[in-house]
Amino acid sequence: MLGKIKSSLLYCKTKLVRNICTCRAKRQLSEYGVHLNVNYPCSFGGVVKVGNYCNFNGMVVSGGGTVVFGDYFHSGQDCLIITQNHNYEGTMIPYDKTYEKKNVTIGDCVWFGHRVIVVGNVSIGEGAIIAAGSVVVKDVPPLAIVGGNPAKIIKYRDSVHYYKLKSEGKFH
């Protein structure tokens, strides 16, 4: 009996945290679609647009650039997207007081593992998977599975299988 009570309390606490995190995220986002789910605290700076059925598990978007997430995005914990850099070609060294804003575009059905870092001016294609601990510094093609620092293509998803599941509406 005590185990069921503890389980119920844990479920309620988890649901409460999810609701609080989702409400906070909605206030920070420029746009968001239906069924946004934020399980852990996130911080969204700049202009951030989120598609439908997206799940965040601890994400920081820093800087003043624009980030667009497609539908069915999923993240691991402690992910970071950086959308501005100091201007190192300005009037002072090592950099001046101005910033260069950068944009990031993330396609539909993209999955980030834990602790992924994405720098600005990058596009991540539909269905891509970014392995845990990866640092994405250049564009990722659709259906690519990338990993490492800097992230490199490890392999590609089976496109026939992917598009079959997509046409059948089998989304998580």
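Two residues are in contact when heavy atoms of theirs lie within 4.5 Å. Keep that one handy for the close-ups below. This is a predicted model, where local features need pLDDT of at least 70 and side-chain atom pairs count only at pLDDT 80 or more, while totals for chains, interfaces and linings use all residues. Residues are numbered from 1 along each chain as its sequence is written, and side-chain values use heavy atoms, with hydrogens and water left out.

**Figure 1. Ser75 sits in a loop and is buried.**
The loop here runs between strand E7 (66-69) and strand E8 (79-82). Helices (H or I, at least four residues) and strands (E, at least two) are DSSP runs, numbered from the N terminus. Setting aside neighbours within four places in sequence, Ser75 is in contact with Asn55, Phe56, Asn57, Gly58, Met59 and Phe112. Is Ser75 buried or exposed? Ser75 counts as buried because its relative accessible area is 3%; the cut-offs are under 20% for buried, over 50% for exposed and in between for partly exposed (1.4 Å probe, protein chains only).

**Figure 2. Asp78 has a positive phi.**
Asp78 lies in the loop between E7 and E8. Its phi is about 60°, although Asp78 is not a glycine. Asp78 has 47% relative accessibility, so it counts as partly exposed.

**Figure 3. Leu80 belongs to strand E8.**
With 25% relative accessibility, Leu80 is partly exposed. Which residues does Leu80 touch, not counting those up to four places away in sequence? They are Val60, Ser62, Val116, Ile117 and Val118.

**Figure 4. Val48 is a buried residue in a strand.**
Val48 is found in strand E4 (residues 47-50). Its relative accessibility is 0%, so Val48 counts as buried. Leaving out residues up to four places away in sequence, Val48 touches Leu29, Ser30, Glu31, Val61, Val67 and Phe69. Gly33 is 15 residues from Val48 along the chain, with 12 Å between their C-alpha atoms.

**Figure 5. His35 is exposed.**
You'll find His35 in the loop between strand E1 (31-32) and strand E2 (37-38). Its relative accessible area is 55%, which means that His35 counts as exposed. Not counting residues up to four places away in sequence, His35 touches Tyr53 and Cys54. Tyr72 is 37 residues from His35 along the chain, and their C-alpha atoms are separated by 9.7 Å.

**Figure 6. Two prolines follow cis peptide bonds.**
The bond joining Ile93 and Pro94 is cis, with omega about 5°. Pro94 is in the loop between strand E9 (84-86) and strand E10 (99-101). Another cis peptide bond joins Asn149 and Pro150, and here omega is about -5°. Where is Pro150? Look in the loop between strand E17 (144-147) and strand E18 (152-156).

**Figure 7. Cys109 is one of the residues lining the largest pocket.**
The loop that holds Cys109 runs between strand E11 (104-106) and strand E12 (111-112). Phi of Cys109 is near 60°, a positive value in a residue other than glycine. Cys109 has a relative accessible area of 15%, so it is buried.

**Figure 8. The largest pocket has a volume of about 380 Å³.**
On a 1 Å grid over the protein atoms alone, a pocket is an open set of points where a 1.4 Å probe fits, with protein on both sides within 12 Å along at least five of seven lines; lining residues have an atom within 4 Å of a point. The volume is the space filled by probe spheres set on the points. How many residues line the largest pocket? There are 15, of which Cys109, Arg157, Tyr162, Lys170 and His172 lie nearest the pocket's centre. Helix H2 (residues 159-167) supplies the largest share of the lining, four residues.
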